[in-house]
Amino acid sequence: MATNNHTGWQALRCQPWLLALVGWLPPLLTLLLIAIFALGTPQSLPIGVVDLDHTAEARALQRHLDASPALDVRHPYASPSEGAEALQRGDVLALLIIPRDFGRDLRLSLSPEAVAFYNSQYLLAGKFIASAVTQSSMTFAAEAGVALRLGQGYALPQAVAAAAPVRPQITALYNAGMSYALFLVTTITPALWQIMIVVATLLTLYWRLENAALPDGYLARSHALWQLLMPISLLLWLQGLLSLGLFYYFLGWTPEGAVGWLIAGMALMVLAIQSMATLILALVANKVRALSLCAAYLAPAFAFMGITFPRGDMNMLARLWGNLMPSTHYIELQVAVADHAAPLATLLPPLLTLLLFLIPLPFAIRALPKQLTVDPTEQVST
């Protein structure tokens, strides 16, 4: 078969899985993620209640908590031990214990304490419950304090000032609606897309190497690989642009800065990942092992991006691993553009870092084996 027949378009016609990876699968997964997080914020998270007081004040506290859209406080338990067992089983995500004499102490201005326990293994749900319980209980405390002081003869303005002498106002600068869809989908998708890129690149390279030998000479090899990977790169880049459109249409995601920088960053991210995939195949020269190495290399991408956990608080190994993944630097660019509308001086470091991933590409092109034979025991269905 002639060399010019071994192009990326031919690879797409010969490999249905490759066509899926660069065609319909990533947009489908993006839509699936959007559907999963469509509500934006968690709602009706189950909370168990152990009411040891049974007074009007205890019931008022429960009503305030249940009024929060995030909480479902309709899980009563007779004793703390029974509630603790339900929490351990996962029947509820949090447990509120209202102590005896809660109402009496509240009327006497003795500041009673209602203790809430939540399951921190569910990181996002636990933090969301803790925030909702805190806000609802503070509202209840302020209202109870106002009512108590009105009963003591205070005028309404003085009662409000005495019950809540400091009223903080907290305003979110970015993602004002606290939407987990905007927070998670826009960061999980690049991490998932990165894996699609590396797998598609490896399948394309291996298809070429098992069907025809690479030419000798660096320039000839570069030209052959350009013909092979250029269509794949273009389709993968268009996938990234499609994901931006899906974010805008379904999530109302409106970047504060120029989207053109994200478009350029996506193109560099595709090239950076393809460079690393070529390097891995050059070093391993085996499809199954190369795919395994790429999975181990890129699978932790979301954890090391610095979105759900600050990168500054990670240990050195975690920071190093994160720096070795192109998605980390793309996310840095995305946050700078979408949230901060950062100037060019802030955008250049992640863009230049993505360019650095292309440095090993000449070595990888030279080190690629001229041809690979198919090992039936290690063949992956494509």
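Reader: Leaving aside its neighbours within four places in sequence, which residues is Gln 194 in contact with?

Author: Heads up, this is a predicted model: local features need pLDDT of at least 70, side-chain atom pairs pLDDT 80 or more, while totals for chains, interfaces and linings use all residues. Residues are numbered from 1 along each chain as its sequence is written, and side-chain values use heavy atoms, leaving out hydrogens and water. Contact means heavy atoms within 4.5 Å. With those neighbours set aside, Gln 194 touches Met 269, Ile 273, Leu 298, Ala 301, Met 325, Pro 326 and Ser 327.

Reader: Is Gln 194 buried or exposed?

Author: Gln 194 sits in helix H9 (a DSSP run of H or I, at least four residues, numbered from the N terminus). Under 20% relative accessible area is buried, over 50% exposed, and in between partly exposed (1.4 Å probe, protein chains only). Gln 194 comes out at 0%, so it's buried.

Reader: How are the rings of Phe 304 and Trp 321 arranged?

Author: Rings of Phe, Tyr and Trp (its six-membered ring) pair if their centres lie within 6.5 Å; planes under 30 degrees apart are stacked, over 60 edge-to-face, the rest tilted. By this rule there are three aromatic pairs; one of them, Tyr 249 with Phe 250, is edge-to-face at 4.9 Å and 85 degrees. For Phe 304 and Trp 321, the centres are 5.6 Å apart and the planes sit at 50 degrees, so that pair is tilted.

Reader: Which helices hold Phe 304 and Trp 321?

Author: This pair ties together parts that are 17 residues apart in sequence. Phe 304 counts as buried at 17%, while Trp 321 is partly exposed at 29%. Their helices, respectively, are H13 and H14.

Methods: Helix = DSSP H or I, 4+ residues; strand = E, 2+ residues; numbered from the N terminus.
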